[in-house]
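Okay, thanks everyone for coming. I'll keep this short and walk through a few spots in the model on screen.

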Amino acid sequence: SSVTTDAAELAGDQKVYANTSTSNSVSNVTGTYANATIEARMRVTSFSSTSASNSAGIFLRSNGTNDYDLSLGGDGKVYLRRSQTSSTEESCSSGTSNGTGVAVTTATGSGWFKLKLQVSGTVAAGITVTVWVDPTGSNGYTQVLQCTQATGAQYMYDSGTAGVFSKSNAPAEYDDVVI
């Protein structure tokens with residue numbers, strides 16, 4: 001992982017964080033976060049296949065093993081999952097965790113787009129995860145997923161680290177990461 005220049009990245013200084021790894025790679029932002037929102041502009045530079053398991057995205061409340069993460073899969077759809085290294089989607093008591101029918105086709109393998117992930121609540125009271133996508137990176141977010149986890153559900157976290165990731169041969173570039 002490194003900082004590189006991308007002449008095609010028109011917003012900002014053209015300096016982007018590039019995760020060029022062809023295996024699983026995670027980059028944490030310093031700090032621990034509870035009720036928080038993370039958003040980032042990103043571009044997947046290639047997918048090794050059109051599988052949903054090839055993905056890159058953002059995450060919140062990581063405990064080192066599991067988290068709340070939002071990613072774009074090789075199939076061009078967005079997913080809310082519980083680990084950057086797994087394809088297991090979050091368990092929701094209401095709402096949905098997969099982006100079936102929410103294709104981000106303008107982003108697949110080329111253009112910049114934005115993801116936004118918000119997590120609020122506690123294990124004791126229940127947790128709500130809300131997701132927005134801007135398929136063109138032009139600040140036109142659309143809410144696409146919302147997942148509510150009732151108290152006592154598995155894989156719930158009150159706080160943890162945040163950052164960006166890619167897995168299963170989906171190297172990506174990130175810019176304007178904001179928490």
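**A serine, a glutamine and a patch**

So, Ser-83 first: its relative accessibility is 6%, and because buried means under 20%, Ser-83 counts as buried. Keep in mind that this is a predicted model.

Where does Ser-83 sit? You'll find Ser-83 in the loop that runs between strand 7 (77-81) and strand 8 (94-95). If we skip residues up to four places away in sequence, Ser-83 touches Thr-65, Asn-66, Asp-67 and Asp-69. With Thr-65 there's a bit more detail: the Ser-83 side chain reaches the backbone oxygen of Thr-65 at 3.5 Å.

Okay, over to Gln-118. That residue belongs to strand 10, residues 113-122. Buried or exposed, or something in between? Gln-118 has 31% relative accessibility, so we call Gln-118 partly exposed.

Now, who does Gln-118 meet? Setting aside neighbours within four places in sequence, its contacts are Ala-36, Thr-37, Thr-128, Val-129, Thr-130 and Trp-132. Pick out Thr-37 from that list: the side chains of Gln-118 and Thr-37 are joined by a polar contact of 3.3 Å. And have a look at Ile-38, which is 80 residues from Gln-118 along the chain, yet their C-alpha atoms are separated by 6.5 Å.

Last stop, the surface. Val-29, Val-177 and Ile-179 make a nonpolar patch there of about 190 Å². Of that trio, let me zoom in on Ile-179, which lies in the segment after strand 14 (172-178). Its relative accessible area is 37%, so Ile-179 goes down as partly exposed.

Key. Residues are numbered from 1 along each chain as its sequence is written. This is a predicted model: local features need pLDDT of at least 70, side-chain atom pairs count only at pLDDT 80 or more; totals for chains, interfaces and linings use all residues. Side-chain values use heavy atoms; hydrogens and water are left out. Helices (H or I, at least four residues) and strands (E, at least two) are DSSP runs, numbered from the N terminus. Buried means under 20% relative accessible area, exposed over 50%, partly exposed in between (1.4 Å probe, protein chains only). Contact means heavy atoms within 4.5 Å. A polar contact is a pair of N or O atoms within 3.5 Å; within protein, one must be able to donate a hydrogen and the other to accept it, and residues adjacent in sequence count only if both atoms are side-chain atoms. Patches are made of residues with over 30% relative accessible area and no salt bridge: like charges are joined within 9 Å, nonpolar side chains (Val, Leu, Ile, Met, Phe, Trp, Tyr) within 5 Å. Accessible areas come from the Shrake-Rupley method with a 1.4 Å probe; for residues, only the protein chains shown count as cover. A salt bridge is a side-chain nitrogen of Lys or Arg within 4 Å of a carboxyl oxygen of Asp or Glu.
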